[in-house]
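Please look at the structure first and then read the points below.

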Amino acid sequence: MPKVTRRIERVMLLGVVVAMLGSTMIGCKYFPESAFELVNESRLPKWFNLPPGLARSDVSVTMKYYVKPWGRTATFILHDMRGHTLAKIDGNVKGTKPLHLRNLPSGDAAGYPFFEIVTANGSTEIIEHKKMEPVFYITDNPAVWTELMGVRPSARGAL
């Protein structure tokens with residue numbers, strides 16, 4: 001095989017390897033593991049402030065989980081009722097897998113409820129997934145906070 005052909009093959013192979021490595025590093029950014037909507041009855045996460053003139057019922061929140069080589073993240077997007085993006089926040093998800101309470105309520109499907117601890121802009125929230133559905137809740141349940149975070153509910157403000 002001529003030297004030029006071997007050199008071209010090596011350059012092409014190097015290009016493929018670089019492309020594969022690059023896609024593993026940033027590819028997850030564009031392909032969420034899963035996506036959820038905040039239920040209307042739930043309060044907004046602490047890191048969002050309602051724009052003047054809007055009520056909680058005028059906005060929605062979408063959350064997408066991502067698994068990246070350096071850890072799990074979640075992106076939260078606050079939308080108005082016309083679908084316009086009002087705010088976007090990225091947070092870090094604690095641990096490598098969802099959390100469960102030691103004493104699950106009886107009758108729940110296997111694996112539910114489960115919780116995720118997300119920190120964004122210096123504030124921590126506990127996300128609750130009550131059952132297999134495309135929605136999530138922000139929990140303020142003192143028992144959940146105490147078990148998962150090891151803090152009294154009154155101490156949450158310092159997180």
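Does His79 count as buried or exposed, and at what relative accessibility? The model is predicted, and in it His79 counts as buried because its relative accessibility is 16%, under the 20% limit for that class. The residue sits in strand 3. The points below start with the overall fold and return to this residue at the end.

**Overall fold**
- The protein has 2 helices and 7 strands, which follow one another along the sequence as α-β-β-β-β-β-β-β-α.
- Of its 159 residues, 34% count as buried.

- The 7 strands close into a barrel in the order 1-2-3-4-5-6-7, with mixed pairing.
- On average, neighbouring strands of this sheet are turned by 35° against each other, direction ignored.
- Helix 2 packs on the sheet, where it touches strand 5 and strand 6; the direction of helix 2 makes about 110° with that of strand 6.

**Strand 5 and its partners**
- Strand 5 (114-120) is mostly covered, with 6 of its 7 residues buried.
- On one side, strand 5 pairs with strand 4 (residues 85-93) in the antiparallel sense over 2 bridges.
- Asn92 has Thr119 of strand 5 as its bridge partner, and Val93 has Val118 of strand 5.
- Strand 5 also pairs with strand 6 in the antiparallel sense, here over 7 bridges.
- Within this pairing, Glu116 stands opposite Ile127 of strand 6.
- The hairpin of strand 5 and strand 6 has 2 residues between the strands, and Asn121 in this hairpin takes a positive phi near 50°.

**Helix 2**
- Helix 2 spans residues 142-149, and its buried residues are Val144, Trp145 and Leu148.
- Seen down the helix axis, these buried residues fall within an arc of 95°, so they line one face of helix 2.
- The buried residues of helix 2 pack against strand 5 and strand 6 (123-129).
- At the start of helix 2, a side-chain oxygen of Asn141 comes to within 2.8 Å of the backbone nitrogen of Ala143.
- Just after helix 2, Gly150 has a positive phi of about 70°.

**Nonpolar cores**
- The largest nonpolar core has 19 residues, of which Val61, Met63, Phe76, Ile127 and Phe136 touch the most other members.
- At least two residues of this core come from each of strand 1 (34-38), strand 2 (59-68), strand 3 (71-80), strand 4, strand 5 and strand 7.
- Strand 2 gives the largest share of this core, 4 residues.
- Another core, of 8 residues, lies apart from the largest one, and Leu101, Val144, Trp145 and Leu148 are among its members.
- Leaving out residues up to four places away in sequence, Ile127 touches Met63, Tyr65, Phe76, Phe114, Phe115, Glu116, Val118, Phe136, Tyr137 and Ile138.

**Pro134**
- Pro134 lies in the loop between strand 6 and strand 7 (135-138).
- Is Pro134 buried or exposed? Pro134 is exposed because its relative accessible area is 57%, and the exposed class begins over 50%.
- Leaving out residues up to four places away in sequence, Pro134 touches Ala35, Phe36 and Glu37.
- Pro134 and Glu37 are 97 residues apart along the chain, while their C-alpha atoms are separated by 6.4 Å.

**His79**
- Which residues does His79 touch, not counting those up to four places away in sequence? They are Asp58, Val59, Ser60, Thr62, His84, Thr85 and Leu86.

Technical notes. Residues numbered from 1 in each chain as written. Predicted model: local features only at pLDDT ≥ 70, side-chain atom pairs only at ≥ 80, totals over all residues. Heavy atoms only, no water. Buried < 20%, exposed > 50% of the residue type's maximum accessible area, 1.4 Å probe, protein only. Arc of directions from axis to C-beta. Contact = heavy atoms within 4.5 Å. Polar contact = N/O pair within 3.5 Å; in protein donor to acceptor, adjacent residues only side chain to side chain. Pairing = 2+ DSSP bridges. Axes fitted to C-alpha atoms, helices over the stretch in contact; angles between N-to-C directions. Core = buried A, V, L, I, M, F, W, Y, C linked by side-chain atoms within 4.5 Å.
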